[in-house]
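Dear colleague,

I am passing on to you the structure below, together with an account of what was found in it. Please look through the sequence and the model before reading on.

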Amino acid sequence: MVNKITLTGMVLSATPVAEYDKRLVILTKERGKITAFAKGARRPNSSYVAASRPLSFGEFSLYEGRTAYNLVGVNIKNYFEEIAMDIDNVYYGFYFLELSDYFSSENVDGTDVLKLLYVSLKAILNKAISNELVRRIFELKLLAINGQYPEIFSCIKCGDKSELKYYSSKLDGALCRECEKAADDAIELNTSTFYTMQYIVSARMDKLYTFTVSDQVLREFQMVLKRFMKKHIDKEFKSEELLI
């Protein structure tokens, strides 16, 4: 007998299949990224029409098959409809979904990535913080969750935690004054840039979007992440093209 399970998650993507169905990729707290089929979701009178759209967050009742799940019930708590009202917000939102998909796996606890995705989508709607800063915070925290981010807490050569002034993309980390000559690509950064990145990696999810930075710090922060992600991520994200 097949048991019904209920998972908390968010729809990352939805693809039409057959005549009236949809194939959903859902990031869940309990089982990471899963594939689920929503039968009849493309029929106008289906109860799954709205629930099978990307960004829909809530509880999904499913029957588990060998390679996928079948959706049998939903309790959507947030559709993030406000994001759809601004095209720029839509681009950022779908970039977050695409990046979350890339970094998520099946049968791996998805709690942290799901929390990050949820608070970041909320932050997009906060006019007090720029979408570009939200993006960079999201990227760095997602890298940190997956254990792959630049060394920003100590000198990557000598381990000294004080006087961090430079960053090397070749070495993927900070350098102190004494070790700056160890990398021919070392670039001097504002001390506040290091503090910002350290805070993001260490902060709780509910504290991530509680600050702003100067234009200079944001430019340096962008530079570090762009170079790091270009070096370590072997995928081009379609939605990213719309953010440039």
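Is the crossing of H4 and H5 left-handed or right-handed? The model is a predicted one, and in it the crossing of H4 and H5 is right-handed. On the H4 side the contact is made by Ser-192, Thr-193, Thr-196, Met-197 and Ile-200, and on the H5 side by Val-217, Glu-220, Phe-221 and Val-224. Sorted by class, the residues of this contact are five nonpolar, three polar and one charged. Helix H4 covers residues 191-202 and helix H5 covers residues 215-232, and their axes come within 9 Å and cross at roughly 60°.

The C-alpha trace of the protein chain spans about 65 × 40 × 30 Å along its principal axes.

Two further helix pairs share helix H3, which runs over residues 131-145. With helix H1 (residues 87-103), the axes come within 11 Å and cross at roughly 5°, which means that H1 is roughly parallel to H3. H1 brings Asn-89, Tyr-92, Tyr-95, Phe-96, Leu-99, Ser-100 and Phe-103 to this contact, while H3 brings Asn-131, Glu-132, Val-134, Arg-135, Phe-138, Glu-139, Leu-142 and Leu-143. By class, these residues of H1 and H3 divide into nine nonpolar, three polar and three charged.

With helix H2 (residues 111-124), the axes of H2 and H3 come within 10 Å and cross at roughly 175°, so H2 and H3 are roughly antiparallel to each other. Here Asp-112, Val-113, Leu-116, Leu-117, Ser-120, Ala-123 and Ile-124 of H2 meet Asn-131, Val-134, Phe-138, Lys-141, Leu-142 and Ile-145 of H3. The contact of H2 with H3 has nine nonpolar, two polar and two charged residues.

Finally, there is a pocket to look at. The second largest pocket holds about 210 Å³ of space, and its lining consists of Ala-50, Arg-53, Pro-54, Leu-55, Ser-56, Tyr-79, Phe-80, Glu-81, Ala-84, Val-90 and Phe-94. Which classes make up the lining of the second largest pocket? Eight of its lining residues are nonpolar, one is polar and two are charged.

With kind regards

Conventions: Residues numbered from 1 in each chain as written. Predicted model: local features only at pLDDT ≥ 70, side-chain atom pairs only at ≥ 80, totals over all residues. Heavy atoms only, no water. 1 Å grid on protein atoms, 1.4 Å probe; cavity = no way out; pocket = protein on both sides within 12 Å on 5 of 7 lines; lining within 4 Å. Points joined across faces, edges and corners; volume = space filled by probe spheres on them. Nonpolar A, V, L, I, M, F, W, Y, C, P; charged D, E, K, R; others polar. Axes fitted to C-alpha atoms, helices over the stretch in contact; angles between N-to-C directions. Helix = DSSP H or I, 4+ residues; strand = E, 2+ residues; numbered from the N terminus. Left-handed = near helix turned anticlockwise from the far one by under 90°. Contact = heavy atoms within 4.5 Å. Parallel < 35°, antiparallel > 145°, perpendicular 65-115°, else oblique.
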